[in-house]
Amino acid sequence: MTEFADRVEQVSISGIRKVFEAAGEDAINLGIGQPDFPTPAHARRAAIEAIEAGDTDAYTSNKGTMGVREAISAKYDRDYGLEVDPEDVVATAGGSEALHLVLEAHVDPGEEVIFPDPGFVSYDALTRIASGTPKPIPLREDLTMDPAAVEEAITDDTAVFVVNSPANPTGAVQSEDDMREFARIADEHDVLCLSDEVYEHIVFEGTHRSPLEFAETDNVVVVSACSKTYSMTGWRLGWVTGSNRRIERMLRVHQYAQACASAPAQYAAEAALTGPHEPVEEMVEAFEERRDIVLDGLEDAGLEVPTPKGAFYAMPKVPEGWCAEVLDRGVVVVPGDAFGENGAGSARLSYATGTEELKRALEIIAEATRVTRE
Ligand SMILES: Cc1ncc(COP(=O)(O)O)c(C=O)c1O
């Protein structure tokens, strides 16, 4: 009898989904990991025009259209002064597929992948799907990942360490010094640094820096996407960039699993990347205002919460039974342990929700906090 593969049996559907299923229809949802803004009109229009012109009927090149790869390359020059050859980019089905390509191409069975705990749910699952061994590491008090902790966790069996800034589920942003350290560690230990930068533009203080800027070897690969920056989660368009020898390996996985990213999405992404950035700036301003509302509300409720400096999440410490109490009262939040063992005792709140709803949710949270503390 054909049994299911061990690597798949080790993975279950994300705990986030379970919370959504438990929520009532009228619940205020602070569990969602996507912006509540429309995709910019010029991006939608570019896809429609490409479809109507018949440009999206056929496969594109495996790596993606030259147009979208040139737009991605120009973005790295504009944002970081980095020279990225369009040949060293693969357009993928969202950042998710890009993460999968990196791990499939670099992790041998049993090799270790170090990642933040609490951290984005895919790191653990995709490591297992690549037959690797997950090695979650705890975070600092401010919820950033300490380069020293990464360095300590590296063994002869380590294939990859994951850096995610701004981070899901914490909203934490790594400093430039940390990013320099991550690059040094990748260089000195000859271990691949996978930098997940899907929230790179959603930063409230300073700017995002990438380990790719500081590495002296080709031991950094970067994953990013249109999903969060341009509110394009449904379009499924992300990418991975790295040295040519790494891209050629990742392309082997992409070619057979995916052939190419969806053509209409590639046209939309090209327009988003090359078009006006005001929609992004307006969205980030709105997130910052909401971040402040959420911080005030949580602190008034007596909860301890490190100040998130990016993305659209906050991760307060919460008393036992808090998440169930909040959910019972009609506000969806995600228990921190859905993001790893060290997330226990915290909850993730997403503020990709309108201000009025946020304020109502915070009133309910204050009440639920009082009750759980009694
Ligand atoms: C940290 C992080 N990386 C990657 C992804 C995947 O993004 P995409 O929707 O582009 O697949 C997400 C989505 O929530 C995320 O939070």
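The radius of gyration is taken here over C-alpha atoms, and the rule for a globule is 2.2 Å times the number of residues to the power 0.38. For the 374 residues of this protein, that rule puts a compact globule near 21 Å; the protein has 20 Å, which agrees. The model is a predicted one. Its secondary structure consists of 13 helices and 12 strands.

**Overall dimensions and packing**

- Taken along the principal axes, the box filled by the C-alpha atoms is roughly 60 × 55 × 50 Å.
- Of the 374 residues in the protein, 52% are buried.
- When contacts between residues at least 6 apart in sequence are considered, 76% of them join residues at least 24 apart.

**The sheet β9-β12-β11**

- Strands of a sheet pair through backbone hydrogen bonds, in either a parallel or an antiparallel way.
- In this protein, an open sheet of 3 strands has the order β9-β12-β11, with antiparallel pairing.
- Its edge strands are β9, at 313-314, and β11, at 334-335, each of which pairs on one side only.
- Strand β12 covers residues 347-350 and runs antiparallel to β11, to which 2 bridges join it.
- Within this pairing, Arg348 in β12 is the residue opposite Val334.

**Helices α5 and α9**

- Two packed helices are described by the distance between their axes and by the angle between those axes.
- Helix α5 spans residues 94-106 and helix α9 spans residues 244-257; their axes come within 9 Å and cross at roughly 110°.
- Angles of 65 to 115 degrees count as roughly perpendicular, so α5 is roughly perpendicular to α9.
- On the α5 side, the contact involves Leu101, Val102, Glu104 and Ala105, which meet Arg246, Arg249, Met250, Val253 and His254 in α9.
- By residue class, this contact of α5 with α9 has 5 nonpolar, 1 polar and 3 charged residues.

- Helix α6 runs over residues 121-129, and its buried residues include Val121, Tyr123, Asp124, Ala125, Leu126 and Thr127.
- The cover over the buried residues of α6 includes helix α5.
- Strands also contribute to that cover, among them β3 (112-117), β4 (133-138) and β5 (158-164).

Terms used:
Residues are numbered from 1 along each chain as its sequence is written. This is a predicted model: local features need pLDDT of at least 70, side-chain atom pairs count only at pLDDT 80 or more; totals for chains, interfaces and linings use all residues. Helices (H or I, at least four residues) and strands (E, at least two) are DSSP runs, numbered from the N terminus. A residue is buried if 20 or more other C-beta atoms lie within 10 Å of its own, exposed if 12 or fewer, and partly exposed in between; C-beta atoms are placed from the backbone. Two residues are in contact if their C-beta atoms, placed from the backbone, lie within 7 Å. Two strands pair if DSSP finds at least two bridges between them. Axes are lines fitted to C-alpha atoms, for helices over the stretch in contact, and angles run from 0 to 180 degrees between N-to-C directions. Angles under 35 degrees count as roughly parallel, over 145 as roughly antiparallel, 65 to 115 as roughly perpendicular and the rest as oblique. Ala, Val, Leu, Ile, Met, Phe, Trp, Tyr, Cys and Pro count as nonpolar, Asp, Glu, Lys and Arg as charged, and the others, Gly among them, as polar.
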